[in-house]
Amino acid sequence: LRCAGGRLLLLLRLSCGGDVFKFISLMEHITPFEAIVRQAEQLGIEKPEQKRDPREEARLRELDDLRKVNALARDFFHNCLTVTRYGAAGKAYLAGRGITDEAIARYGIGFAPDAWSKLSDAFRKRGISEYILVTAGLAVRRERGEGVYDRFRNRVIIPIADERGRIVAFGG
């Protein structure tokens, strides 16, 4: 039996063993633990706090900073494409490929300006460190001299999201 993309078959399998978390994990392609956490978040149930050592706390803060800078970069690239003159070449390219404005908005597609450090300069003015820009893969350290330059220049940028919709990388 198959129905709705195999869901009926999956339900029949679960009736022979499993629980709602296993069902969610199979449907969402996540681990059962992630299914439990997701359901707790949706129901407003707080996770018990674990005691973490200072290194773990620092690692989690850095991950949070990376997620924030990636979200800001998505917005920066998208605005460059849709709002500024920098995006004219990107708009022409996307139109030639049949990519609609709706798809651009839906997927947050953007454009990296044809400049060595447009994103890096803008982000440093906002207080974002070069270390975070380099760690996120948005900038590269100069081989000679000080500072960084933008990794992406003069190209269409496609944000890559994890299963929760958080931007984790970019393709260009």
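**Helix contacts and the spaces beside them**

Guide: Let's start where F21, I24, S25 and E28 of α2 meet P32, A35, I36, R38 and Q39 of α3; contact here means heavy atoms within 4.5 Å. This is a predicted model, in which local features need pLDDT of at least 70 and side-chain atom pairs count only at pLDDT 80 or more, while totals for chains, interfaces and linings use all residues. Residues are numbered from 1 along each chain as its sequence is written, and side-chain values use heavy atoms, leaving out hydrogens and water. The helices are DSSP runs of H or I with at least four residues, and strands are runs of E with at least two, numbered from the N terminus.

The axes of α2 (residues 20–28) and α3 lie 8 Å apart, at an angle of about 105 degrees. α2 is therefore roughly perpendicular to α3. Axes are lines fitted to C-alpha atoms, for helices over the stretch in contact, with angles from 0 to 180 degrees between N-to-C directions. Under 35 degrees counts as roughly parallel, over 145 as roughly antiparallel, 65 to 115 as roughly perpendicular, and the rest as oblique. The α2–α3 contact holds five nonpolar, two polar and two charged residues. Nonpolar covers Ala, Val, Leu, Ile, Met, Phe, Trp, Tyr, Cys and Pro; charged covers Asp, Glu, Lys and Arg; the others, Gly among them, are polar.

Now follow α4 to helix α7 (residues 118–125): their axes come within 11 Å and cross at roughly 125 degrees, so α4 is oblique to α7. V69, L72, A73, F76 and F77 of α4 touch K118, L119, A122 and F123 of α7. By class, eight of these residues are nonpolar, none polar and one charged.

F77 and L119 turn up again in the lining of the largest cavity, along with A112, L138, D150, R151 and F152. The largest cavity has a volume of about 30 Å³. On a 1 Å grid over the protein atoms alone, a cavity is a set of points where a 1.4 Å probe fits but cannot get out; a pocket is an open set with protein on both sides within 12 Å along at least five of seven lines, and lining residues have an atom within 4 Å of a point. Points join across faces, edges and corners, and volume is the space filled by probe spheres set on them.

The largest pocket holds about 420 Å³. Among its 16 lining residues, K47, L60, R67, R164 and R166 are closest to the centre. α3 (32–43) and α4 (54–82) each give two or more residues to this lining, which counts five nonpolar, no polar and eleven charged.

The second largest pocket holds about 300 Å³. K47 is one of its lining residues, which also include F33, V37, A40 and E41.
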